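Subject: Structure handover

Hello,

I am passing on the structure we discussed. Please look it over first; my notes on it follow below.

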Amino acid sequence: MAAAPTRPNYCSAPHVQPPRTARRIAVIGAGAAGLVAARELRREGHSVVVFERAGGVGGTWIYDAAVESDPLSVSPRRRVVHTSLYESLRTNLPRECMGFLDYPFLAREAEDGRDRRRFPGHGEVLRYLEDFARDFDLGRMIRFETEVSHVGMADDDSGGGGWTVRSRRADGDGEGEEETSEVYDGVVVCSGHYTAPRVAEIPGIDTWPGKQMHSHNYRVPEPFRDLVVVLIGGSASAVDISRDIAKVAKAVHVASRSAPPGTELKQPGYDNMWLRSMIESAHEDGTVVFEGGGSMLADVILHCTGYKYHFPFLETKGIVTVDDNRVGPLYKHIFPPLLAPWLSFIGLPWKVAPFPLFELQSKWVAGVLSGRMTLPTQQEMMDDVNAFYSELESSCCPQRYTHNLSNYQFDYNDWLSAACGCEFVEDWRRQMYVATSKNRVARPETYRDEWEDDHLVIQAHEDFLRQSKVHT
Ligand SMILES: Cc1cc2nc3c(=O)[nH]c(=O)nc-3n(C[C@H](O)[C@H](O)[C@H](O)COP(=O)(O)OP(=O)(O)OC[C@H]3O[C@@H](n4cnc5c(N)ncnc54)[C@H](O)[C@@H]3O)c2cc1C
Ligand SMILES: *[C@@H]1O[C@H](CO)[C@@H](O)[C@H](O)[C@H]1NC(C)=O
């Protein structure tokens, strides 16, 4: 038997318990989202089966030195590798504010081989998720090496008549395995969204002789030694990877959509790295031309241009679509109104602190599925979604930013906490997130090792101690 959970439910159930109906629920994926969803669903009394293609828990956090056969990840025949981690990756959030609400991601002093840094390497995150799965005994619910190939409505079109889940044991050669088909009351999709790359379109690229690659397939800098690299993008990975490569490359040119035409700015602290405007075109002779002028011979174009939502297994008869990276229509980024509560998505929001947000989403989904919490009517949910889309449109926010919660993740968390009857998330998490975001921009090289928010760290530790006293 696994050790008892170190901490009881952070969000203790109300004293008066409305009736709960236990459902049979399939969870797709055993990354951070699927793990916490499984825990919350089981706490609510549901019976849960988690389907996981990989041999272990952790999803994105399972580092894989192997990359896809197509370095740009566009060929439909390529072998898909799930993770996008690079070897040098350290978290871009401090561990206190990254961890689940009731299972702190604190340095384990007593154990060997642990990375105790505040912004640890990726291996420490994987060990944290493995600890989480072990301490809550989640393994029993998970079918490893089992890929879901189809999820669809079993008989009617409301989702209320059950969901068919077809799956196949991954045995390596992909042959000779029977497909299993089962019916569940509901499905919670936790399959992640950092695996299917988006690639920038560049006029002339078809005749350009250099090598192209997406950051999904970037692992180590060595292959870029003495090369001229043009890296597209301005996200967290672009910032990290450009610095990783600059250590060995001849030159790194970071082409960013937000840099005005003609930009050519030597990056502070580097002799071989420049910020550039976006690429205008690429040519047969190997040159790359930037908007507003300037060109050079380049060996590699590295696309750090993000990912698309992609659910190849999901068949909803057109009720849920992915259009310009908007998964919709979804009420609160979770429930398609016409199929609620039988189909739901955990983990779509980005520009957030993911784990705590996944945890609150999961509590709500679990409570709604049991009938302990109620949703508005379908019409009310649709109205809410449409109002949200109109608001985005009038603020000129492109559709592909629908799930960018950067401006309101903490309000969103509070909304979910209120819907679940939980305590609000501690304010130090917000303060720490904001402090880190500023620091990351101001000092991309050193923000992980130098900071000014020690008072928040102390508060976080005190809160964790206080909570564990209250609950034991
Ligand atoms: C490069 C990078 C750096 C990041 N850095 C940070 C950070 O510092 N801090 C932070 O908090 N977050 C970070 N994130 C965000 C990260 O995505 C989240 O922390 C979190 O891991 C997402 O969890 P998830 O469960 O939603 O998805 P995933 O971790 O991707 O898990 C999805 C799981 O679903 C499985 N799956 C998918 N399809 C199927 C199928 N058809 N059948 C069966 N199984 C399936 C996959 O195998 C996988 O295990 C980073 C992400 C990336 C890509
Ligand atoms: C996400 O939204 C915020 C706030 O609206 C905005 O400032 C930011 O540019 C967006 N991020 C991206 C990468 O689009």
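Two strands count as paired if DSSP finds at least two bridges between them. The model is predicted, and in it four strands form an open sheet with mixed pairing, in the order 6-5-4-19. Strand 6 (179–184) and strand 19 (314–315) are at the edges; each has a single partner strand, so one side of each is left without a neighbour in the sheet. Within this sheet, strand 4 (residues 146–153) runs antiparallel to strand 5 (residues 163–169), and seven bridges join the two. Val-151 sits opposite Val-165 in strand 5.

Next, helix 1. The buried residues are Ala-32, Ala-33, Gly-34, Leu-35, Val-36, Ala-37, Ala-38, Arg-39, Glu-40 and Leu-41. The length of helix 1 (residues 32–43) also checks out: at 1.5 Å a residue, its twelve residues should span 16 Å, and the end C-alpha atoms are 17 Å apart, which agrees.

Last, ligand 2. The residues around ligand 2 are Trp-350, Lys-351, Tyr-401, Asn-404, Ser-406 and Asn-407. By class, that shell has two nonpolar, three polar and one charged residues. Taken alone, ligand 2 exposes 360 Å², of which the protein buries 51%.

Regards

Methods
Residues numbered from 1 in each chain as written. Chains lettered and ligands numbered in written order. Predicted model: local features only at pLDDT ≥ 70, side-chain atom pairs only at ≥ 80, totals over all residues. Heavy atoms only, no water. Near = heavy atom within 4 Å. Areas by Shrake-Rupley, 256 points an atom, 1.4 Å probe, with all protein chains shown as cover. Nonpolar A, V, L, I, M, F, W, Y, C, P; charged D, E, K, R; others polar. Expected span 1.5 Å × (residues − 1). Buried < 20%, exposed > 50% of the residue type's maximum accessible area, 1.4 Å probe, protein only.
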